[in-house]
Amino acid sequence: MANILQNLVNALQWGSFYALIALGYSMVYSILMLFNFAHGDIFMVGAYIGFGVATGLVALTSMGAIVLPNWLILVLTIIISMFLTSFVGMLVERIGYRPLRDAPRASAAITGLMIGIILETGNLALLGAQRVSFPPLINSVTYELGGVYITNKKIMIVFVSIGFMIALQLFVTRSKWGMAMRAMAYDYVVVPLMGVSINNIARMTFAIGSALAAVAGILFGIAYPVLDPYMGILFGWKAFVAAILGGRGSIMGATLAGFLLGFIEIFVAMIFPSTLRDLIAYSIVLLILVFRPHGFFGEPYSAKLRL
Amino acid sequence: MPLLHVENMTHYFGGLRAVHNYNLAVEPGQVRGLIGPNGAGKTTIFNLITGIYRPTEGSITLDGEPIVGLQPHEIASRGLGRTFQDLRLWRHMTVLEHVKMARYSTIGYGLVGAFFGTSRRHREEEAIERKALELMRMMRVDDVAEQRVTNLPYGAQRRVEMARALAMNPKILFLDEPTVGMTPGELNEMMDIIKQVRDDLGLAIFLIEHRLKMVMELCEVIQTLVFGEVIAEGSPEEIQNNPDVIEAYLGKDTVET
């Protein structure tokens, strides 16, 4: 029993990463009918930006230039990295996707793949193949509850993730920009006729998705402090699976599916040898999709994209 | 000065000339019709004026201001509302949300308002809902305000689209075949509503329509478009009796009214 609870905690943490990345996939997909295959690499870029910001702040503190407690460094790292990474996302949208808005979807999809490769190899060229380690901003404290070990990091990661997910849900349902995003998801041709610039909304969507990916990157760096330029690939694919599994454009769906993937992976690894983890886990996901091809919260649709 | 003035507008799609030397002057409060066989370029003219395509040649002014080259959202904000021939609603949003969306530019509250429900948000939402209710009542969809549009009958969906266009406070309203696919009952209702919009709101209306009963009864001036060119322009009587129109559009033998 303790073992199961222990894995549940681990799965929550693991699912947080998937869910945060999946949200960015899901938003872009629903609003622009576009698979942003570079999104996993945005997660990687976010982790590296977080690494840079955190390292810089730690260095400044140790030099005595500024006096900041570690928790404040973490908060600042998250805020600054979200901001910077959102610019990377907006740049990707402006350069890579906007010119292709009316192009065949396959062209836009391979654009994403190419941007991903550019981000990975660009990072390699910039920082070299050496892995970097994320500065330890939190002193790990382990609590024991009836045989279950929970670290303060895990608690923080799960709560921060869920906090951002709730904030996103509020944003989409209560702000005017969120309303425009929902409208664009059904038919984007008429949105400009409401006096709304769809380019602005598209840019904002990429910015928000990228900022959330940066949060995932930093939280990942805190849990597993070794970063490498290719870390976004597998994460990106799995988060993409979660986005589709959740149902097109559903924030709740992407979140739940992200956590579900975390659970499936962790529990498969609990029962089977860990080398079989993804093989079995993703066979299960495949089965789910066979029975729910529109995902958990998706509805059959035919989006009208053009006049 | 006309409210909407199009001069010598020509448009090519590649080598195909879709619209040739088109002119239009709509006065405030005027209802004008555009008729013509399928493929004549009627919707293209709508798309050119509303900024979805940019005309190859020609000038367009709205309320004295040139609008060629502006983005669709900029033209819409300057007072041009529009509906589509094939309904373009956001299927899973409610009727009220459709009208609210059209009031987008009047929403001033930002993130703080959205997250924490400030008094500013309440005030603005209230004003928008009041306006929305007024329009939904006029369009006779106020009783289904909270329903998703996909659940409404076709005629009601058409009226939601009009309520949405009107919520922009346009100076001129473009209606692209507002009665296509409607039952006779829905058609009469739509005609009443268009008259009401003209009389109560004093809007100029420019409409594409296939049903001659509708055009003849509503429009002061009608243009007939064939292969991208206006072959006749005049009052309903003039158009009805114009031999070119009868031949090109109505057919040689019978005049259906």
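In chain B of this predicted model, strand β1 (residues 4-13) runs antiparallel to β2(B), and seven bridges join the two. Strands and helices here are DSSP runs, numbered from the N terminus, with at least two residues (E) for a strand and at least four (H or I) for a helix, and two strands count as paired if DSSP finds at least two bridges between them. Residues are numbered from 1 along each chain as its sequence is written, while chains are lettered from A and ligands numbered from 1 in the order in which they are written. Because the model is predicted, local features need pLDDT of at least 70 and side-chain atom pairs count only at pLDDT 80 or more, whereas totals for chains, interfaces and linings use all residues.

**The antiparallel sheet**

- As background, strands of a sheet pair through backbone hydrogen bonds, either parallel or antiparallel.

- Five of the five residues of strand β7 (residues 172-176) of chain B are buried, so the strand is largely enclosed by the rest of the structure.
- A residue is buried if 20 or more other C-beta atoms, placed from the backbone, lie within 10 Å of its own, exposed if 12 or fewer do, and partly exposed in between.
- B:Ile172, B:Phe174 and B:Asp176 point one way from β7(B), and B:Leu173 and B:Leu175 point the other way.
- Strand β6 (residues 80-82) of chain B pairs with β7(B) in the parallel sense over three bridges, and B:Arg82 has B:Phe174 as its bridge partner in β7(B).
- Strand β8 (residues 204-208) of chain B also runs parallel to β7(B), joined by five bridges, and B:Asp176 stands opposite B:Ile208 in β8(B).
- Between β7(B) and β8(B) the chain crosses through helix α7 (residues 184-201) of chain B, and this β-α-β crossover is right-handed, a term used if, with the strands pointing away from the viewer, the path from the first strand over the helix to the second runs clockwise.

**Loops with positive phi**

- Most residues other than glycine have a negative phi.
- B:Asn169 has a positive phi, near 55°, and lies in the loop between α6 (154-166) and β7 of chain B.
- B:Phe227 has a positive phi near 45° and lies in the loop between β9 (221-226) and β10 (229-234) of chain B.

**The chain as a whole**

- Chain B holds 10 helices and 10 strands, and 42% of its 257 residues count as buried.
- By an automatic or database domain assignment, chain B is divided into domain 1 (4-79 + 170-250) and domain 2 (89-153), whose centres, taken over C-alpha atoms, are separated by 29 Å.

**The contact with chain A**

- The contact takes 24 residues from chain B and 21 residues from chain A, where two residues are in contact if their C-beta atoms, placed from the backbone, lie within 7 Å.
- On the side of chain B that touches chain A, α2 (72-77), α3 (95-102) and α4 (111-116) of chain B each supply at least two residues.
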